[in-house]
Amino acid sequence: MIASVRGTVTATGPDQAVIEVGGVGLAVHCAPGTLAELRVGQVARLATSLIVREDSLTLYGFADDDAKSLFELLQTASGVGPRLAQAVLAVHTPDAVRKAIANADTAALTRVPGIGKKGAERLVLELRDRIGPVPIGVDGSAGVTRGSWPEQVRQALVGLGWTAGQADQAVAAVAESIEGETPPVPVLLKQAIRLLGRTR
């Protein structure tokens, strides 16, 4: 089991980073919020979870051990695999996930692509007693997301190599295209990347 990796970030993409450890480049799948914190050429440490399948070995990376633990716990619920568990953490912070499950907030859980009403209810039913303590904020709330979606997308784009100016333009264009409810951050990030045409 690879519990964590520490090394130089040699490349980043929309859903993964390459971290060189002892001369070996490891492809680590990460959520946009985690990728936004990584910089090519700098040393980074990621808590990791290795998913072993008959035909593949996939390494998932997280900013801290708390997110990794929640990622692994989510997969103990029926119907939740690693991709869906990572999607949950791409949309919500670990504290927000705990709050949603503890309070049976299925509306928050269904904001995750791939989770419908029945899936959200199953998560609450199966994990409510095992989700752990829910931190309470000063105002009684818990799990405040880190920044608004424009800032999260902007940081991710800059982390992927675009300039701050290009990121601002893409975020503005994406904001204008939104009609009705705001899509999850990973969806917005993909829209921004398409708009930029992967140009540097």
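Predicted model: local features only at pLDDT ≥ 70, side-chain atom pairs only at ≥ 80, totals over all residues.
Q: Which residues does Ala11 touch, once residues up to four places away in sequence are set aside?
A: Ala17, Val18 and Val40.

Q: What does His29 touch?
A: Leaving out residues up to four places away in sequence, His29 touches Asp15, Gln16, Thr58, Leu59, Tyr60, Gly61 and Gln86.

Q: Asp15 is one of those. Where is Asp15, and what is it in contact with?
A: Asp15 is in the loop between β1 and β2. With neighbours within four places in sequence left aside, Asp15 is in contact with Val28, His29, Cys30 and Leu35. Asp15 is partly exposed, because its relative accessibility is 40%. As for distance, Asp15 and Asp55 are 40 residues apart along the chain, and 20 Å separates their C-alpha atoms.

Q: How do I spot a salt bridge, and how many are there?
A: Look for a side-chain nitrogen of Lys or Arg within 4 Å of a carboxyl oxygen of Asp or Glu. That rule gives 5 salt bridges here. Take Arg45 and Asp65: their side chains meet at 3.6 Å, N to O. This pair links distant parts of the chain, with Arg45 in strand β4 (residues 43-53) and Asp65 in helix α2 (residues 65-74), 20 residues apart. Both partners are partly exposed, Arg45 at 39% relative accessibility and Asp65 at 41%.

Q: What does the salt bridge between Asp168 and Arg154 tie together?
A: The two side chains meet at 2.6 Å, N to O. Asp168 is in helix α8 (residues 164-177) and Arg154 in helix α7 (residues 149-159), so the pair ties together parts that are 14 residues apart in sequence. Asp168 is partly exposed at 39%, and so is Arg154 at 25%. Elsewhere, salt bridges that share partners join Asp66, Asp95 and Arg98 into one network.

Q: How do I describe two packed helices?
A: Use the angle between their axes and the distance between the axes. For α8 and helix α9 (residues 185-196), the axes come within 9 Å and cross at roughly 120°. The crossing of α8 past α9 is right-handed.

Q: Which residues meet there, and how many are nonpolar, polar or charged?
A: From α8 you have Gln166, Ala170, Ala173, Val174 and Ser177, which meet Leu188, Gln191, Ala192, Leu195 and Leu196 in α9. By class, that contact has 7 nonpolar residues, 3 polar ones and no charged ones.

Q: What about backbone angles: what is the phi of Ala104, and where is Ala104?
A: Ala104 has a positive phi of about 55° although it isn't a glycine. It lies in the loop between α4 (94-102) and α5 (106-109). At 33% relative accessibility, Ala104 is partly exposed.

Q: Last one: where does the UniProt record place its domain feature?
A: The unreviewed UniProt entry puts "domain: Helix-hairpin-helix DNA-binding motif class" at residues 72-91 and 107-126. In the model, residues 72-91 are 65% helix and 0% strand, and the end C-alpha atoms lie 16 Å apart. Residues 107-126 are 65% helix and 0% strand, with the end C-alpha atoms 17 Å apart.

Conventions:
Residues numbered from 1 in each chain as written. Heavy atoms only, no water. UniProt positions renumbered as here; feature names shortened; annotations may be inferred. Helix = DSSP H or I, 4+ residues; strand = E, 2+ residues; numbered from the N terminus. Buried < 20%, exposed > 50% of the residue type's maximum accessible area, 1.4 Å probe, protein only. Contact = heavy atoms within 4.5 Å. Axes fitted to C-alpha atoms, helices over the stretch in contact; angles between N-to-C directions. Left-handed = near helix turned anticlockwise from the far one by under 90°. Nonpolar A, V, L, I, M, F, W, Y, C, P; charged D, E, K, R; others polar.
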